[in-house]
Amino acid sequence: FHHTSTSHWCSCSKTISDEKYQDPFQLGRKDLKNLYEDIKKELLVSAAELKEMCDYYFDGKGKAFRPMIVVLMARACNIHHNNSKEVQASQRSVAIIAEMIHTASLVHDDVIDDANSRRGKRTLNQIWGERKAVLAGDFILSAASVALARIGNTTIISVLTQVIEDLVRGEFLQLGSKENENERFAHYLEKTFKKTASLIANSCKAVSILGCPDPKVHEIAYQYGKNVGIAFQLIDDVLDFTSCADHLGKPTAADLKLGLATGPVLFACRQFPEMNAMIMRRFSKPGDVERAWKYVLQSDGVQQTTYLAQRYCHAATREIRKLRPSPEREALVHLTEMVLMRDK
């Protein structure tokens with residue numbers, strides 16, 4: 001990963017210059033109409049406080065990034081298989097379930113991290129307390145499981161429950177750290193896959209299974225989701241160093257304050273080996289966070305992490321281009337660029 005010539009990774013903005021531009025959000029909008037209302041229907045509860053907590057993040061203001069990838073993948077696979085442009089009801093359910101699992105994981109993450117802001121607003125744990133926040137996260141997960149069972153396909157149930165297992169394993173990986181430098185990077189990428197990319201990869205795989213019987217297509221969908229998901233998180237880790245807090249909706253250097261060594265830190269460590277000791281004690285000594293922050297910005301850590309994200313996006317593009325041409329396929333290609341260019 002670390003010693004490749006970087007020059008040929010810089011052409012991302014040119015990849016669709018000769019293609020018809022497709023805005024993923026425009027294309028996916030029809031299938032995502034009333035998404036949040038439908039999620040709230042899944043969360044029907046009699047307890048007023050629990051309902052208020054569950055509705056808090058499903059306020060319709062999210063970008064619905066994951067559901068959008070899922071419906072675009074569904075259509076791309078349907079077109080590839082039998083030229084059907086419509087998203088099946090079961091495929092749309094997968095998009096809803098993916099957003100519910102994602103949101104439940106955010107609620108639980110905020111409790112673990114003792115976070116006080118998320119998407120520019122106070123966290124559930126700040127308003128209602130940790131115990132109730134954990135229960136709200138559990139409830140959203142249980143409602144997602146009920147919706148998943150309703151699809152009535154055991155393969156799909158197996159694929160999407162893998163996501164929940166990966167989320168838990170990823171969180172455990174994040175709580176540990178590796179002494180060996182090379183192991184540390186592999187550990188980081190595995191954690192990134194389990195915590196972020198598995199949801200996108202397996203949701204894409206699930207809709208491809210529902211839309212097309214070809215296992216090769218299932219693998220294309222999975223690999224696209226996996227590569228985009230890892231790239232998305234790598235850019236998130238870059239933004240923790242380059243974005244101002246109000247832009248990102250969370251305080252910057254948040255990861256360092258949590259004791260986490262992300263991509264920019266691990267790359268910086270190669271130029272500043274004295275960071276190793278800080279990583280091992282999880283930046284717990286006074287001044288560690290500030291020193292590590294300076295080292296990262298003096299190094300090429302941000303740049304190297306961005307290059308790595310570009311490589312994952314190129315891999316995603318390579319995969320999705322194996323499907324038959326369609327506006328949805330081109331939108332998924334364009335989405336890889338949006339992941340690299342985002343600033344929040």
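Guide: Let's start with what counts as a cavity: on a 1 Å grid over the protein atoms alone, it is a set of points where a 1.4 Å probe fits but cannot get out, and its lining residues have an atom within 4 Å of a point. A pocket is instead an open set, with protein on both sides within 12 Å along at least five of seven lines. Points are joined across faces, edges and corners, and a volume is the space filled by probe spheres set on them. Rolling a probe the size of a water molecule over the atoms shows where empty space is left.

The model is predicted, so local features need pLDDT of at least 70 and side-chain atom pairs count only at pLDDT 80 or more, while totals for chains, interfaces and linings use all residues. Residues are numbered from 1 along each chain as its sequence is written, and side-chain values use heavy atoms, with hydrogens and water left out.

The largest cavity holds about 200 Å³ of space. Its lining has 16 residues, and G176, S177, H187, L260 and A261 are the closest to its centre. A search of the whole structure finds 4 cavities of 30 Å³ or more. Helices here are DSSP runs (H or I, at least four residues), numbered from the N terminus. Helix 8 (154–175) and helix 9 (181–211) each supply at least two residues of the largest cavity's lining, and helix 9 gives the most, with 4 residues. By class, this lining divides into 6 nonpolar, 6 polar and 4 charged residues. Here Ala, Val, Leu, Ile, Met, Phe, Trp, Tyr, Cys and Pro count as nonpolar, Asp, Glu, Lys and Arg as charged, and the others, Gly among them, as polar.

Helix 1 gives the most, with 3 residues. The classes in the pocket lining are 6 nonpolar, 1 polar and 2 charged.
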